[in-house]
Amino acid sequence: MKNKGLIASGLLLAGIIVVGCKTHFDTTTSDYKAVVNGQNVEHGKALAFTICGGCHYNHGTNKFTGNPIPDVPGIAGKVYSANLTHSVSRGMTAKYSDAQIRYLLKIGIADDGRFLSYMLRPNIADEDVNDIIAFLRSNDPSVSASDQIAGVTHYTLIGKMYNGFEANPAPYRTNVKRPTGQVALGRYLVDNVGCYHCHSKSLRSLNSINPEQTKGYLAGGIRFKGWNGTDVVASNITPDKNTGIGNYSKEDFLKAIKHGKAPDRTLKPPMERFEYLTDKEIDAIYAYIMTLPPKNNAVKRI
C-alpha cells in the first residue's frame, strides 16, 4: 500500500509539472507599426506613466528601468519589472517590434511565447496601445537608453508550476474604442489603469475580461509590501459610507488620486500619485465608482 501511495504521489507530481510547463504560446506574425506624431507621443507618455509606471518607472534613475516586485512570495522566486528604455543590451523595447508590444499588452504573450499575466490589458483601446508604443519609441528622457536593471527575474520550480496553472491568454480583440461617456470612461480607466487589480480581494482572482466579476471587486483587502518594508492593505473604494469612500466628495477623490491626500490620512506606497490623469479622467472614475453597489468591507489599516 505504501508503494502504491508513493507511485500515486509521483504520478500526481508528474502531472502537475507537465501541466505547469504550459507557459509558452504562439507569438504574433503581424506587421503592425504604430503611428507616431507629437500629440500621440504626449498622450502615450501620460498613459505609460499611469498604466506602466507603477511597476516600471524607477524613481532612483528617473527612467523606466524597472523595479523589484516585492509582493511575489519568496517560495515562487524573485521578480523584477523590465527595463523599457532604448538600451540595446537591457531594454525590452529594443528587442520587441511594435506588433509584439501590442500583442503583449492585449493578450499577455511575450516575444518568446511566455505568458505574462500581469501585463494583460485585453480591453485597452487600440488608439491607447498605439500611443503607448509611440511614447516608448520617442526621445523622452525617461525612456532614453540605460543599461541599468533592477535585477534578473528567476522563478523557482513552484513559481513555474504556478505560472503554468495560471496561463490563460486573453482573446485578441481588435477595433476597441476608448469610451467617450463619463461613466463608461471611468469604467474603462478602472480596468486599464488597474485600480481593480489592487483594490479587490486577491491578485490571484482577477477577471481581466470582465473586471466587475472579480471577487471582492474594489472592496479592498489585498496586503502589499510597502516600499519602506511595512505592509499596506488596499482600501475599500466602493461607495459604502461606513467602510468605503461613499462620503468622499468629487474634490476629495481628486486629491486622493492625484496628490495622495485622503480626507483623513496621507496615502502610502505602493499607491501611486496619478499626476498624469486629467481632472476629467479622475472625475469619470469617481462618477463610475459612485454607480456601483456599496460593499461593507472594513479593511484594517496597518
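**Exercise 1.** How are α3 and α4 oriented to each other: roughly parallel, roughly antiparallel, roughly perpendicular or oblique?

*Solution.* The structure is a predicted model.

Step 1. Two packed helices are described by the angle between their axes and the distance between the axes. Helix α3 covers residues 98-107 and helix α4 covers residues 126-136. Their axes lie 10 Å apart, and the packing angle is about 130°.

Step 2. Angles over 145 degrees count as roughly antiparallel and those from 65 to 115 as roughly perpendicular. The pair α3 and α4 is therefore oblique.

Step 3. The crossing of α3 past α4 is right-handed.

Step 4. On the α3 side, the contact is made by D98, I101, R102, L105 and K106, and on the α4 side by D126, V129, I132 and I133. By class, these contact residues are 5 nonpolar and 4 charged, with no polar ones.

**Exercise 2.** Determine how many disulfides the model holds, and examine C195 and C198.

*Solution.*

Step 1. A disulfide requires two cysteine sulfur atoms within 2.5 Å. The count by this rule is 0 disulfides.

Step 2. For C195, the nearest cysteine sulfur belongs to C198 and is 8.5 Å away, and C195 is in no disulfide. The relative accessible area of C195 is 18%. Because buried means under 20%, C195 is classed as buried.

Step 3. For C198, the nearest cysteine sulfur is that of C55, at 8.2 Å, and C198 is likewise in no disulfide. C198 has a relative accessibility of 32%, so this residue counts as partly exposed.

**Exercise 3.** Describe the surroundings of D71.

*Solution.*

Step 1. Locate the residue: D71 sits in the loop that lies between α2 (38-56) and β1 (77-78).

Step 2. Classify its accessibility. The value for D71 is 30%, so D71 is partly exposed.

Step 3. List the contacts. With neighbours within four places in sequence set aside, D71 touches R223, F224 and K225.

Step 4. Compare sequence and space for one pair. D71 and L203 are separated by 132 residues in sequence, while their C-alpha atoms are 10.0 Å apart.

**Exercise 4.** Which residues of helix α7 are buried, and what covers them?

*Solution.*

Step 1. Helix α7 spans residues 250-259. Its buried residues are F253, L254, A256, I257 and K258.

Step 2. The elements covering these buried residues include β5 (261-262) and α8 (279-289).

Step 3. After α7 comes G260, which has a positive phi near 70°.

Technical notes: Residues are numbered from 1 along each chain as its sequence is written. This is a predicted model: local features need pLDDT of at least 70, side-chain atom pairs count only at pLDDT 80 or more; totals for chains, interfaces and linings use all residues. Side-chain values use heavy atoms; hydrogens and water are left out. Buried means under 20% relative accessible area, exposed over 50%, partly exposed in between (1.4 Å probe, protein chains only). Axes are lines fitted to C-alpha atoms, for helices over the stretch in contact, and angles run from 0 to 180 degrees between N-to-C directions. Helices (H or I, at least four residues) and strands (E, at least two) are DSSP runs, numbered from the N terminus. Angles under 35 degrees count as roughly parallel, over 145 as roughly antiparallel, 65 to 115 as roughly perpendicular and the rest as oblique. A crossing is left-handed if the near helix is turned anticlockwise from the far one by less than a right angle, and right-handed if clockwise. Contact means heavy atoms within 4.5 Å. Ala, Val, Leu, Ile, Met, Phe, Trp, Tyr, Cys and Pro count as nonpolar, Asp, Glu, Lys and Arg as charged, and the others, Gly among them, as polar.
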